[in-house]
Amino acid sequence: MAALWPLLLLLSQHLWACLALTLPDEPHDGPPSVGFDASHVGPSVDLPGALRVFSLDYHHVQAPFEIVLWIMLASLAKLGFHWSGRVPAVVPESCVLIMVGLLVGGVIYGVRHSAPPTLSADAFFLFLLPPIVLDAGYFLPGRLFFENLGTILWYAVLGTLWNVVGIGLSLYGVCLLVPDSLGDISLLHCLLFGSLIAAVDPVAVLSVFQEMHVNEQLHILVFGESLLNDAVTVVLYKLFESFLRLPSVTGLDVLVGGCRLIVVGLGGFFVGLFFGLVAALTSRFTSRAQVIAPLFVFLYSYLSYLTSEMLHFSGITAIVTCAVTMKQYVEANVSERSNTSIQYFLKMWSSVSETLIFVFLGVSTIQDIHMWSWPFVCSTLLLCLVWRATGVLLLTAVVNKLRRNAVTFRDQFIIAYGGLRGAICFSLVFLIDDFPKKRLFITTTIVVILFTVFVQGMTIKPLVELLDVKRKKRALPTVSEEIHSRLLDHLLSGIEDVVGYWGQHYWKDRFEQFNKKYLRRFLIGEHHQARSSILRVYQELERREQQGDEEAPPPVDPRPGGRPLLPEEMDSIRRILSRNLQNFNKKQTPAYSRHTLHQDAMAMTALHRHQSLPERHTCNRSTLCPQRAEGEFSKSYRGRARLSRSHTVCSASPRRSEPPDSVDPTALNPTQPSDPEPAEEQRSPLHRAPIETATKKQLSFVLESETRQ
């Protein structure tokens, strides 16, 4: 780690020197000399048509060169973080990257004496955000997401509206209380600022929650809410921005804005669904060109995002829907190597984008445009915490009445405390049209981001350990667990179908039938169709173990059905099941108890060994005299070679076993003389009564030679 920081500083100084380099646009009018050429920025001879030994043309490679340097700097910072000893256990990665950005921005400001470059909104929304959302959607745990979809939408839609309206109205009240410095901020400006400051950033949430390994339900609630929360906040931001450009806002405008909110969300969903199905269909025909198969995953996903943005739909919703739709079909069509390539490229792409976002957040903080107002900044910070906490508590109190697995108070606290802000609200605040208090909005947004990432991000992990929040299981599920999970799904689906309740298992079963009957036949090649559902489960588990993906959804692919059963076959099955059920109910199998084991043994049925040596079935008094029986067994065992032992449980019924008195001690070993001590013990009246009334479960050790005569 110590060796990396000088390299980072050297690289950053070289970058700032390149950024600070300004070239004159006018030609050099001085006398010809050997020196610095203005047109080619390098040592040359100012003679017309002269040949140059060395020249430097920085403008020709300026854009890609600076991009590569920024990526190199961010990657080295990330590498240094993971080699910094105990730092990753205390400080989240996002905090370290922002501190690196602050350092870089400070050095740039000191060298150039001007503000460092900022992250533009177009670069963020068109190039950096799509890889992160695509990675999150492609590896989304589908089972958990759809089982908690109602709760996620409840938090994302109603919770976001609660935060936006609450923060906006409260800030407008603060502005009315301080008219001297904040009197020129209107209600629409407060609502616009509330819409962007309420955006929970999935990048910051992922970077923090993936390091804590919380339980699956809590992770999917926080992550799903932050993912869909962005789509709602961006739509609300654009809606309030349109209201600001109108001369006056009427009730009809508000109604049209509400309809627009629904259209934007549904439009993004259908655009993503269309491109996802097209990507799955295209991957069906890549068997002869597997090299370009992963390319279609990235192209169609990015195309869905760009198309939605072009139509003013939700690009985040579109790319998540596209990724979730095409995943199971693409994985079935392409090879294992292509699946591995898709996984590693998505992880690499999203990691680089995430690193660049946090570094630029730190760099962009060093600006000359800050405006400070203690009432506005402190009120915004406090209101963000209060309104989110109250919203989570109220919404959870309602949703817990409809959930089987209630969200505990500890999970509610982590959900409320995990509302981290990030680059989305930072990019949106720069898109606000110029007005006198825009610089105040930028400063307040930066303060909220730094507070949530540093204070909340650094303290949430100790709070999780202090509250003893349930953690995620590290081990991958076994084939047995997957099969039992599918069995319970089918069982619950059947119960819902019998009672006439259309629950999530009912609709899930209907979708699986539709998927198997139509979609999989149309979107998956015939040579990739799975003939065994158990084999498909095993292959999926093997793939997840190789890829190290612990949150991939379990495949639900019923076995392809054969011909329908005839009525005669159904009647035969019913008769067999009914007869076996009656026979099973007639049996009396007492429960095991260590206090009543010997007394309840009379109710047990005699269990005989398979017809191997029926003439040698005897009953040994091992329960009455275990030491003598063990001695006889050891004597007989020493006299034989290569013998096998079998356990036979005998009953005291006179019809199936002989009395213990009739046991011939020579039956155990016919080659050796009988021991007189057991005979005397059998003839003793002190032992006959216990033999007749004692336990009926006895162990008989039958010794037989492997070479029968």
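The largest nonpolar core of this structure, which is a predicted model, has 126 residues, and those with the most contacts inside it are W70, F124, Y138, L196, F209 and F376. Helix 11, spanning residues 216-245, supplies the largest share of this core with 14 residues. Another core, of six residues, lies apart from it and has A332, L519, L523 and I524 among its members.

**Aromatic pairs**

- Across the whole structure, a search finds 22 aromatic pairs.
- One of these joins F298 and F345, whose ring centres are 4.7 Å apart and whose planes stand at 45 degrees, so the pair is tilted.
- Because F298 belongs to helix 13 (residues 293-310) and F345 to helix 15 (residues 336-365), the pair ties together parts that are 47 residues apart in sequence.
- F298 is buried, with a relative accessible area of 12%, whereas F345 counts as partly exposed at 36% relative accessibility.
- F413 and Y417 make a stacked aromatic pair, with 5.7 Å from centre to centre and 10 degrees between the planes.
- Both residues lie in helix 17 (residues 409-417), where F413 and Y417 are four residues apart and therefore separated by about one helical turn.
- F413 counts as partly exposed, its relative accessibility being 33%.

**An aromatic cluster**

- One aromatic cluster is formed by F193, F376, F435 and F441, and F376 is also listed among the residues with the most contacts inside the largest nonpolar core.

**Charges over rings**

- The charged end of K327 sits over the ring of Y138, 6.0 Å from the centre of that ring, and Y138 is another of the residues with the most contacts in the largest core.
- K347 lies over the face of F139, at 4.6 Å from the ring centre.

Technical notes: Residues are numbered from 1 along each chain as its sequence is written. This is a predicted model: local features need pLDDT of at least 70, side-chain atom pairs count only at pLDDT 80 or more; totals for chains, interfaces and linings use all residues. Side-chain values use heavy atoms; hydrogens and water are left out. A nonpolar core is a set of buried Ala, Val, Leu, Ile, Met, Phe, Trp, Tyr and Cys residues joined through side-chain atoms within 4.5 Å. Buried means under 20% relative accessible area, exposed over 50%, partly exposed in between (1.4 Å probe, protein chains only). Helices (H or I, at least four residues) and strands (E, at least two) are DSSP runs, numbered from the N terminus. Rings of Phe, Tyr and Trp (its six-membered ring) pair if their centres lie within 6.5 Å; planes under 30 degrees apart count as stacked, over 60 as edge-to-face and the rest as tilted. A charge sits over a ring if NZ of Lys or CZ of Arg is within 6 Å of the ring centre and within 35 degrees of the ring normal.
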